[in-house]
Amino acid sequence: MRRYNPICIVLFLSISFHPLAAQKPEAQDGILDLRNHPFSTEGPVELRGEFEFYWNKMLNPSVENDSGDMDILEVPGTWLQLKQENPEVRRYGFGTYRLRILLPPETDRLSFLVDGVYSASG
């Protein structure tokens, strides 16, 4: 029978269940607030949470106040989860995902890494 060091078990459990250990910023109601995120110690952030979603709309980000009927959609996920609230949503179609990202005032560079896209776009 294998024996484990009780100190290691306590240390592991205290780190695993620490309330801040699992907290990563997530978008809420289409806004991701990164103004207080410590990038230098915590590193990059995954874009996830509640995004604005506009079914059958291709919004232009350079046009101020370009909008339409909007739903809140959980990302990552599929827009089919909106089917109950918005019966017009179909498997095939198009839409715009929109997320506003709030950054600290001293931020001068921003980059995105897209690991993979698992649907068609054109």
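**A buried ring and its neighbours**

A: In this predicted model, Phe 53 has a relative accessibility of 0% and therefore counts as buried, the cut-off being under 20%. The residue lies in strand E2, which spans residues 49-55 and belongs to an open sheet of three strands in the order E3-E2-E4, with antiparallel pairing. Strand E3 (71-75) and strand E4 (95-98) stand at the edges with a single partner strand each, so that one side of each has no neighbour in the sheet. From one strand to the next the twist averages 40 degrees. Between E2 and E4 the antiparallel pairing runs over four bridges, and Trp 55 stands opposite Gly 95 in E4.

The aromatic pairs come to a count of four. One of them joins Phe 53 and Trp 55 in a tilted arrangement, at 6.4 Å centre to centre and with 40 degrees between the planes; both residues are buried. Phe 53 also pairs with Trp 79, where the ring centres are 5.6 Å apart and the planes lie at 35 degrees, so this pair is tilted. Because Phe 53 lies in strand E2 and Trp 79 in the loop between E3 and E4, the pair ties together parts that are 26 residues apart in sequence. Trp 79 has a relative accessible area of 15% and is therefore buried. Phe 53, Trp 55 and Trp 79, together with Tyr 97, form one aromatic cluster.

How values were computed. Residues numbered from 1 in each chain as written. Predicted model: local features only at pLDDT ≥ 70, side-chain atom pairs only at ≥ 80, totals over all residues. Heavy atoms only, no water. Pairing = 2+ DSSP bridges. Helix = DSSP H or I, 4+ residues; strand = E, 2+ residues; numbered from the N terminus. Axes fitted to C-alpha atoms, helices over the stretch in contact; angles between N-to-C directions. Phe/Tyr/Trp six-rings, centres within 6.5 Å; stacked < 30°, edge-to-face > 60°. Buried < 20%, exposed > 50% of the residue type's maximum accessible area, 1.4 Å probe, protein only.
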